[in-house]
Amino acid sequence: MTAFRPRNATMRDIAERLGVSIKTVSNVVNDRPNVGPRTRDLVQEAIRELNYRPQVGAQQMRTGTSGLITLAIPSLAGTYFSELAQAFADEAQHRRRSIMLHSTAAGREEELSVLSGFTRVLGDGVVFNPLQIGEDVLAHLGRTIQPTVLIGEHVEEADLPAGSDYVRTDNQGAAHDATAHLLGQGRRHVAYLGALGSSEAQQAHSTSRLRLDGYRRALEAAGGIPSVIQVVRGWNQEGGIEAVRDLLREHPEVDGIVCGNDDLARGALLGLHGLGIDVPGQVSVIGHDNILEAPFTSPPLTTIDPDKSNLAATVLDLLIERIDGYDGPPRVVEAPYRLVERGSTAPRS
């Protein structure tokens, strides 16, 4: 015997049940003001009882928008990107929108598919963090298929395509401040743990390169202190554990470490503990991203906070303006950051 799934309730079902017009039900579903409070309560109660769910396709045909925004990011596995996705989901909810997550971890072709509209356009607009496409791809794009806000790096501001905006963080400035923080506490053998050998990391506007450049600038500003740069296999905790052991074996004089991100810093703390090195007594450690675990490492991690909620709010405000009809030239907005000092850094005794 074949089982059939029950038909989804419609606005007509609700209207017939209550003896009101479909327009009245639509006004309640779309939170329009021209419905009396008693009627609104009755419609909302019927929506719950019948488990009515608006159909995105029908909404898009009726209003021209779906209320959906695509967030295309390099990975859903990394701590920073998972927290960033949650920040976008929270901020979108405040704006009565929903986020569709799209991972581009499959590689360059997947990122290109985002720029081409995923073969078919998904949602009303896209937030896109490119990683593997060359910066020249955006420069030659001309115009995006749908309203787009770019985040992350790998973007040349002068070459932004029409139909897009860019919200950036000053990764170079943040890494400079992180390094200067250690130097200001009397650390004189400060290493950078986080250099990457991949081709994407060598692009002029890659996150890895910008943070490394910020570290170097701080050393130069402090009188040309020699740099010590440690390559890592990946920006993750395992990479940090392995790299800090290599670093201290080659450079036992190191008394401060600037890490490319907090996952590397967490690994560095574990690796230093395994080597019997006191943090921050012998070596101070600073990260970047202020992930949720940062206050709970041992010791609590000093880090750069890029304010993910502020970033998401700024991005969505720009994107919704474009969805609603703005078609001006590309805008570039710099999101703020701050240094959060905790127990993993201290003045040299």
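**Exercise 1.** Find the salt bridge between Arg143 and Asp327, and say where in the chain each partner lies.

*Solution.* Start with the rule: a salt bridge is a side-chain nitrogen of Lys or Arg within 4 Å of a carboxyl oxygen of Asp or Glu. The side chains of Arg143 and Asp327 meet at 3.3 Å, N to O.

A word on the model: it is predicted, so local features need pLDDT of at least 70 and side-chain atom pairs pLDDT 80 or more, while totals for chains, interfaces and linings use all residues. Residues are numbered from 1 along each chain as its sequence is written, and side-chain values use heavy atoms, leaving out hydrogens and water.

**Exercise 2.** Decide whether Arg97 and its salt-bridge partner Asp124 are buried or exposed.

*Solution.* First, the cut-offs: buried means under 20% relative accessible area, exposed over 50%, partly exposed in between (1.4 Å probe, protein chains only). Arg97 has 18% relative accessibility, so Arg97 is buried. Asp124, at 8%, is therefore buried as well. Their side chains meet at 3.8 Å, N to O.

**Exercise 3.** Work out which parts of the chain the salt bridge of Lys308 and Glu83 ties together.

*Solution.* Begin with the distance, which is 3.6 Å, N to O. Lys308 lies in helix α12 (residues 308-323) and Glu83 in helix α5, so the pair joins parts 225 residues apart in sequence. Finally, check burial: Lys308 and Glu83 are both buried.

Definitions and conventions. Helix = DSSP H or I, 4+ residues; strand = E, 2+ residues; numbered from the N terminus.
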